[in-house]
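Dear colleague,

I am passing the structure on to you below, and after it you will find my notes on what was found. Please read them with the model open beside you.

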Amino acid sequence: MEVLLDVLISRVNYWVYIVLMMIGLYGIIAKKNLVKKIIGMNILQTAVILFFISIGAKKNATIPIIEHGHDAAHTAVTATHYINPLPHVLMLTAIVVAVATLGVALTLVIKVHQQYHTLEENEILERIREA
Amino acid sequence: MLHQFPAIIVVAPLIASIFIFFFGWRNKQLAFPLAMGGLSVCVVSAAVALDSVLRYGPTQYQLGGWQPPWGIEFRVDHLTAFMLALVSLLGWLAAVYAKKSVEQELPEKISLFWTLYMLLITGLLGIIITGDMFNLFVLLEVASLSGYALVASGRDKAPFASLRYLIIGTIGASFYLIGIGYLYVATGSLNMEDLRMLLPDLYGSRVVQTAFVFIFIGFAIKIALFPLHSWQPDAYTYAPSAVSVIISTAVAKTFVYALIRIIFSVFTLGFIKEILPVFGIICWAAAVAIIIGSIFAINQYNLKRMLAYSSIANVGYIILAVGLAPSSSLGLTPAVMHILNHAVIKGCMFMAACGFIYRYNLWDIRQFAGLGRRMPYTSLAMILAALAMIGMPPGVGFVTKWYLIRAALEARGYVFVAVIFASTLLMIVYFWRVIEIMYIRTEKEAILPGGGGVNEIPASMLVPGLFLGVLSFVFGIVWISGTLHPFLGAINTGFGLGGTP
């Protein structure tokens, strides 16, 4: 029991990311509405982003800004005092990618709606088969 | 100037795409010359890259002067130079082909088409040349997003097909990103060369093994490996002609290359041989892809759709070759050969197939009667490519199959030899059908409008197709003659594989 609790609580950030990712994949696979699929896709991307954000965190560390940076060259900087900024910077790019993907996806949804007058996947497939 | 080629080859198409967007807005006529200018710079830079690799061996280029592993670096080795040359040349030929077909299919969106096309090329060349895992992800998304938009500009089902492609492709990209995250957690580095040196101590770690699986599945989606291929046939079929040509050749091959690069440059041979012996499974997946892809292709009457399924089978060939690489002395030779071979053949076939659509709006093979006489040169290109793919010596398909069978025999994978023979038979079935209807059946010839004379597509569409058709035999002879074997040997030794072919 203690081991289980340890696994659950000490790695809570990973569990959150896994649960979010599964919600996202479920949305993509199980939902018939195209917009809901896209929401699922976005949750999946957000899950990955949160995973990256969480791996930068450290205990008892602060934001990675060195006070009086310009004349701090002779005082040693201890990496453990600061959280790791690199994953956060990477995720800035990943967020941009996610936004662009969402934009393209919503544009396509509008085009699909203009063409078939519905957003339900099964109805669209029916219309394609009729044509 | 010349030693800056790794930066120029990525920046030139990017700048061209921005210029096309602004100048093409005012004057549509400027879009095509600007695009050709950018692509020509790429072709020249790729030639410089090849020359530099042949003379001085692998080189690296630090962007902004930042030392790796902190900065992003571009690495140019033999395989990189080979892929750069292939993709920029195909991009150039497809652009020549695209001019007329875009004017017909997307008359209002010419400048936007070229903007996206150049962005796609930027992404592809970037994926090939980069030496950084995260940079690869960003460029992968640059290429993919412009690919989705280009596919969506087609007709009929195109937006819906593109939306599916987008959602499935995004799952693939997310999986790849998770894989990068795991590798970063384990090593603290994103540079490929750095990872290669840091990883061996951590091969036993579950995190690293999971990262490999995530990255492999992510790319398997992007390259449409068999059970993950469902987005591909619709996307290839409904995309505009020029887009079908480029995504079936350059895009598909670049993603395959990225997978090879990560398997052999980041995880290395030791990992896949000793820690995670997944190559048996990969071979089997590829074998299933070859057979199923070919069977589906036989069932199609829509020519573009048939070619799309045939692409699934051919990606199977490449992945089978990758899977056999560690256990045979040929190494990656068959895989590298088939990357080029399939790009040349499929490019030619899609150019011909879209030529039939351009002239007569013919999609269905059953209506092709008499086409051999009406469009003799386009049909000739189609037949050259079909013969090369089936494996008529000295076509490129023959060379691929010959080397693959040798590799399979050496690895004692006799089943795979049978698979290659079976798929050849299936290929004969579906290509013979096309040839038979085009040349031999004449009873329904009257269906084609516009008199009985020759009615060819414009020269700018015909010449690239014929050129690739001829190349598919020229390269067969070049491969057989062994001129390029030292080059292939250098690729293999770069990855610690095999000996000379």
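B:Pro394 sits in the loop that runs between α15 (376-390) and α16 (396-410) of chain B, where helices (H or I, at least four residues) and strands (E, at least two) are DSSP runs numbered from the N terminus. The peptide bond that leads from B:Pro393 to B:Pro394 is cis, with omega near 0 degrees. A cis peptide bond also joins B:Pro68 and B:Pro69, with omega about 5 degrees, and B:Pro69 lies in the loop between β1 (59-62) and β2 (73-76) of chain B.

Please keep in mind that this is a predicted model, in which local features need pLDDT of at least 70 and side-chain atom pairs count only at pLDDT 80 or more, while totals for chains, interfaces and linings use all residues. Residues are numbered from 1 along each chain as its sequence is written, and chains are lettered from A and ligands numbered from 1 in the order in which they are written.

B:Leu259, which is placed in α10 (residues 241-275) of chain B, counts as buried because it has 22 C-beta neighbours inside 10 Å; the term buried requires 20 or more other C-beta atoms within 10 Å of the residue's own, exposed means 12 or fewer, and partly exposed lies in between, with C-beta atoms placed from the backbone. Leaving aside neighbours within four places in sequence, B:Leu259 is in contact (C-beta atoms, placed from the backbone, within 7 Å) with B:Phe219 and B:Ile223. B:Thr268 also lies in helix α10 of chain B; its phi is near 65 degrees, a positive value in a residue other than glycine, and with 18 C-beta neighbours inside 10 Å it counts as partly exposed.

The contact between the chains takes 22 residues from chain B and 26 residues from chain A. On the side of chain B that touches chain A, the largest share, 14 residues, comes from α6(B), and the residues of that side divide into 16 nonpolar, 4 polar and 2 charged. Here Ala, Val, Leu, Ile, Met, Phe, Trp, Tyr, Cys and Pro count as nonpolar, Asp, Glu, Lys and Arg as charged, and the others, Gly among them, as polar.

With best wishes

Methods: Two residues are in contact if their C-beta atoms, placed from the backbone, lie within 7 Å.
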